[in-house]
Amino acid sequence: MLRVYAVLVQLHSSLKFNYSGHERRFKPSLWEVMILIDIIMTAIGYSSSIALAAAGITLIYMATGTFNFAHASMTAWGFYIVFAFHKVFFKGLGNPYMYFPIAMLFSGMLGVISYYFINRWLLKKGADMTTLMMSTLGIDLVFFAFINMFADFLTYNYKINARLIVLKMEDIILGKIAGFPLRAITLVSIIMVIAIVAILQYILNRTKFGIALRMTIENPSLAAILGINPDLIYLASWFIGGALAGLGGAILSLVYSGTPSIGNVVIVPEFAGSIVGGLYSIFGSLLGGYLIGMSEYIVINLIGTYVSRNLVVYEPLIPLIAMAVTLLVYPQGLGGIDWSKVWAKLRGKKEG
Amino acid sequence: MQDIINIIFNPLVLNILVNMAIFLIVTLSLNLEVGFAGIPQFGRMLAVVVGAIGAGAIAGRFMAFYYGLPWGDEYVDETLNFKIVSQINDHLVNSPFQSIMMLIIALAIAAALGGIIGYLASYPAIRLREAYLGITLLAFADAAQTIGKYYDPLAGGTEGIVVPDVFRFIGTGQIRFLGSTLIIFFIGFLVYLFLQSLARSPFGRALRAMRDQELAAKVYGKDIVKLRAQALIIGGAIAAIGGALWTLYTGSFKALTYNRVTWTFWPWAFMMLGGTGNNLGIVLGTLVFSTVRSLIYAYKTELTTYIPINPNWLEYLLIGLVIILIAMFRPQGILPEKPELPIPKKKIESIKASLSKGG
């Protein structure tokens, strides 16, 4: 995170020097443009990670009414799995992308464990929303403890610093412009989000399982009457939710350098994305995640350039404010907007 | 006898004791809001940080002003702060009366700020319900911590500030820490008595009525908006006192060291273990956790020889497991909530007897 600030501050100072006196004409050099492109590309990778994890939070919330705080550690586990397999177990064999499915599977299994041993029990007892949320906090603390132990284990046994991870350099380089490497993660993350959207769209609308899932979410008792097992549906949504968190963490590992407590940092934008997205729409939460992730980078960039460089450090406030304002003012979020109506209105205005 | 003295003066034991007293205050305030009023207060850290800033930065500035020292931006300047504070300490060390007055002023400022925070928190608390409210309060707390961390003129930003030592008059070295721990314990005891009497009062019953059946409370003419705001104001003020005492005890304030795990989730775990809605249960829960933490602390080095991991993580594992197991198997906690009787039981029995005679 601090590295990003450093780059931003550097960028702002270089931009300021380029204002040539009275003309105030902006003449960026190639190097500065490349830094800008680098920031935007990082922002896209980061936002994709947030968007995927936010979709996971929304899915679990829609299915079981549980705000899953354990998403923090599930993301962090995805992050560490890619690191451990790529750097430690296989010593840099191939590229980090090979281990993305393992990260997804592992975090998905964490979701299954959370559901099967804890959440299912509480749902059966009819626990209220606060108890469900509190139980996931407990799960998060346990997973957090394990991730720290895992990091210690790697440090002791492989003599490698596992408490500060930098995988950015291991990324595939697509090409170089003026000495600046174009890393693959931006493209890959976008492709992954599109693929996830397509797969989810297909599963939810075209398969029997998806229809059962939507039905269980809308009316569990009616679904049960028709012979759908809600248990299985909840299990599946926890698995998919966890897997999305794992994928988010895996993407994050190629964008950020991180410590075991990275989950505590990214959980805030993840929740913000899910809430801004409206909590009842997976695609709304993907959109919300992109909005939050990009605004964290771009709004702060604008503020740093036009208002004051000292304000750059307040970046963590953006998702917090977005979250609180959405909940207080427009609780339906982006998912609550009827886009077809908006579109019709826009069209109507153009015609009239 | 010598053994006991050695144990009491052991810095580790003192640390555990003071931790227990501080967390007792914070958890009791959380219990008022969660256990009695039914507000999912996931932003406990907010009032604690504000209280710490109130005692550390604002009361500290007041002391500097009182003793004729610079109290503006110089007070939080990283090169000047400790010089100013050491001058204040020179004044305080010779005058127990002034020290105690300053302690009271610092706590009053903290409580006032905490009350304001509680009042502000009542704005979302009226509009939102359950987990939505919890997440909003959590967001507020994190936002306040971020501002405290980066806004230097408030309380020194990332560098933090040194805080005047109002306990210095007690003595030097370990005696100061022991004395201040006793004072904090005493304040914790007062808070317990206050909240216990509150729980027995009509106000406490109204809060529980609101928690259990809001509509019924409304029907009986209780103003829900006002009740929620009052519970949040009192809870915020008490939590702020907890934060203020912590900052005065450690003699420094750094917003960086306040996080949602320590100041929100731990009190939640203590409360859930002890018994939500039962003040005595809170005392028990905090006692149990403090003891276990102290055991992990004390046997840290021994543990490290057996397992290749840092025993710090055992603490997280333990608290996480306790939260999960309590939520699953005993949601009411070790000491479940009991109906508080407004008058002694004997009196109720005698009234019952006289009524049945009359009927």
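Is B:Val49 buried or exposed? In this predicted model, B:Val49 is buried, with a relative accessible area of 2%.

View 1. Because its relative accessible area is 2%, which is under the 20% limit, B:Val49 counts as buried. Apart from neighbours within four places in sequence, B:Val49 is in contact with B:Phe253 and B:Tyr258. The C-alpha atom of B:Val49 is separated by 9.3 Å from that of B:Asn259, although the two residues are 210 residues apart along the chain.

**View 2. Buried residues of helix α9 of chain B.** In this helix, residues 202–212, the buried residues are B:Phe203, B:Gly204, B:Ala206, B:Leu207, B:Arg208 and B:Met210. Their cover includes α2 (11–36), α8 (174–200), α10 (214–219) and α11 (224–250) of chain B.

View 3. When neighbours within four places in sequence are left aside, the residues in contact with B:Arg208 are B:Phe36, B:Ala199, B:Glu337, B:Lys338 and B:Glu340.

**View 4. Packing of α8(B) with helix α13 of chain B.** The axes of α8(B) and α13(B), the latter comprising residues 279–298, are 10 Å apart, and the helices pack at an angle of about 145 degrees. From α8(B), B:Tyr192, B:Leu195, B:Gln196 and B:Ala199 meet B:Asn279, B:Leu280 and B:Val283 of α13(B). This contact has 5 nonpolar, 2 polar and no charged residues.

Methods. Residues are numbered from 1 along each chain as its sequence is written. Chains are lettered from A and ligands numbered from 1 in the order in which they are written. This is a predicted model: local features need pLDDT of at least 70, side-chain atom pairs count only at pLDDT 80 or more; totals for chains, interfaces and linings use all residues. Side-chain values use heavy atoms; hydrogens and water are left out. Buried means under 20% relative accessible area, exposed over 50%, partly exposed in between (1.4 Å probe, protein chains only). Helices (H or I, at least four residues) and strands (E, at least two) are DSSP runs, numbered from the N terminus. Contact means heavy atoms within 4.5 Å. Axes are lines fitted to C-alpha atoms, for helices over the stretch in contact, and angles run from 0 to 180 degrees between N-to-C directions. Ala, Val, Leu, Ile, Met, Phe, Trp, Tyr, Cys and Pro count as nonpolar, Asp, Glu, Lys and Arg as charged, and the others, Gly among them, as polar.
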